[in-house]
Amino acid sequence: MEKEKVILTGDRPTGKLHIGHYVGSLRRRVELQNSGQYQKIFVFEADAQALTDNIDNPEKVRQNVIEVALDYLAVGLDPQKSTIFIQSQIPELCELSFYYMDLVTVSRLQRNPTVKTEIQMRNFETSIPVGFFTYPISQAADITAFKATTVPVGEDQEPMLEQAREIVRRFNHIYGETLVEPEILLPDNAACLRLPGTDGKAKMSKSLGNCIYLSDSADEVEKKVRSMFTDPTHLRVSDPGKLEGNTVFTYLDAFCKPEHFGRYWTDYANLEEVKAHYTRGGLGDMKVKKFLAAILQEELTPIRERRKEFEKDIPAVYEMLKKGCEVARETAAQTLDEVRRAMKINYFDDAALIAEQAQRFHQ
Ligand code: TRP
């Protein structure tokens, strides 16, 4: 039998989703959902993981659960095709994490580069919460509970996937073939691996105020594009411009398609021509920004409109999430049963064990 193909991926609900999430993962997710190539698709909000570094701010997580759900629906995730759920509502994930903790060393966790960076960013050096430190283990539980084969995420999640794969191999080696080894699915366009902020900083982040949100109004998008970081040495139109580190061009690499030229900029046939003109000198930033804004509006307008529709019936969105949690829980419980059996902690549903013990005490 063909092995079942299962997608699982998720986001921490600590803010509304932005176009970095979109090109890094959401857009691909919707394509995969609609490709018909996957038997099951799970998309979830990692609220428990979000709490590992927001423990004193539960309200933030609570508010953003609905925002992220709306963003999911707005980009085209379809509850008929994808199970959308919330991590904290699946207690089986905690139990799996607890057992996986035996399979991972402290020094292995300390080597995780993503966790290392996050510890620095949050000034956790001297007081790392254990829950935060061990979130890669909990993430392995998220992935394996659903027997995910394919995890579409950004490149910052690579160390998490490697950790999950190690746990699977270790578990299966010790307890017998039980868990499925997941594969990461990275964006295929380099510009999408990590979209910089509008200010040119390495990452879009709410605290830096350099994000374009999926829910931004057309005006906000326009304004943000107009003030985007380009090449600071490109002062006059006639000056030659640089493409490296030029955020407008990075965004074009992520969003521009050949057909956009026919629609919005007939002076050029493709992005290469624009880049050549810009590097040569004689092409002003404003023109390039206008083109980028048109492309972003084309992509974001339907998303914004769909979001508005779903915002009209918020209770229905919560109901959708609740149903998703029920479905997800069934799958996770099934895997947990198998894990317990493999680890020999299934005392009461094992008639052979009881009979064998009875024998031993009565011969
Ligand atoms: N760590 C991911 C992020 O910050 C969210 C996440 C939690 C996740 N568990 C996951 C992603 C499992 C993929 C699979 O975006």
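Buried means under 20% relative accessible area, exposed means over 50%, and partly exposed lies in between (1.4 Å probe, protein chains only). This is a predicted model, in which local features need pLDDT of at least 70 and side-chain atom pairs count only at pLDDT 80 or more, while totals for chains, interfaces and linings use all residues. Residues are numbered from 1 along each chain as its sequence is written, and side-chain values use heavy atoms, with hydrogens and water left out. At 22% relative accessibility, Lys 147 is partly exposed.

**Overall make-up**

- The protein chain has 17 helices and five strands; helices (H or I, at least four residues) and strands (E, at least two) are DSSP runs, numbered from the N terminus.
- Along the principal axes, the C-alpha atoms of the protein chain fill a box of roughly 95 × 45 × 45 Å.
- The protein chain has 363 residues, and 50% of them are buried.

**Strands E1 and E2**

- Strand E1 covers residues 6–11, and five of its six residues are buried, so E1 is largely enclosed by the rest of the structure.
- Strand E2 (residues 40–45) pairs with E1 in the parallel sense over six bridges; two strands pair if DSSP finds at least two bridges between them.
- In this pairing, Asp 11 stands opposite Glu 45 of E2.
- A right-handed β-α-β unit is formed by E1, helix H1 (residues 19–35) and E2. Right-handed here means that, with the strands pointing away from the viewer, the path from the first strand over the helix to the second runs clockwise.

**Ligand surroundings**

- There are 13 residues around the ligand, and those that come nearest are Arg 12, Gln 49, Gln 139, Asp 142 and Gln 157; a residue is near a molecule or strand if one of its heavy atoms lies within 4 Å of it.
- The side chain of Arg 12 has an N or O atom 3.2 Å from an oxygen atom of the ligand. A polar contact is a pair of N or O atoms within 3.5 Å; within protein, one must be able to donate a hydrogen and the other to accept it, and residues adjacent in sequence count only if both atoms are side-chain atoms.
- For Asp 142, an N or O atom of the side chain is 2.8 Å from a nitrogen atom of the ligand.
- Gln 157 has a polar side-chain atom 3.0 Å from a nitrogen atom of the ligand.
- On its own the ligand has 370 Å² of accessible area, of which the protein covers 90%. Accessible areas come from the Shrake-Rupley method with a 1.4 Å probe, and for residues only the protein chains shown count as cover.

- Helix H8 spans residues 135–145 and is mostly covered, with 10 of its 11 residues buried.
- The buried residues of H8 include Gln 139 and Asp 142, which are also among the residues that come nearest to the ligand.
- Lys 147 follows H8 and lies in the loop between H8 and strand E4 (150–152).
- Although Lys 147 is not a glycine, its phi is positive, at about 50°.
- Most residues other than glycine have a negative phi.

- The loop between helix H16 (314–342) and helix H17 (351–362) holds Lys 344, which is exposed at 65% relative accessibility.
- Lys 287 belongs to helix H15 (residues 285–311) and is exposed, with a relative accessible area of 52%.

**Asp 216**

- Asp 216 is in the loop between helix H10 (190–193) and helix H11 (218–226).
- Its relative accessibility is 5%, so Asp 216 counts as buried.
- A polar atom of the Asp 216 side chain lies 2.9 Å from the backbone nitrogen of Tyr 213.

**Cysteines**

- The structure has zero disulfides, a disulfide being a pair of cysteine sulfur atoms within 2.5 Å.
- Cys 211 has a relative accessible area of 2% and is therefore buried.
- Cys 256 sits in the loop between helix H12 (247–255) and helix H13 (259–264); at 17% relative accessibility, Cys 256 also counts as buried.
- Cys 256 and Leu 292 are 36 residues apart along the chain, and their C-alpha atoms are separated by 7.9 Å.
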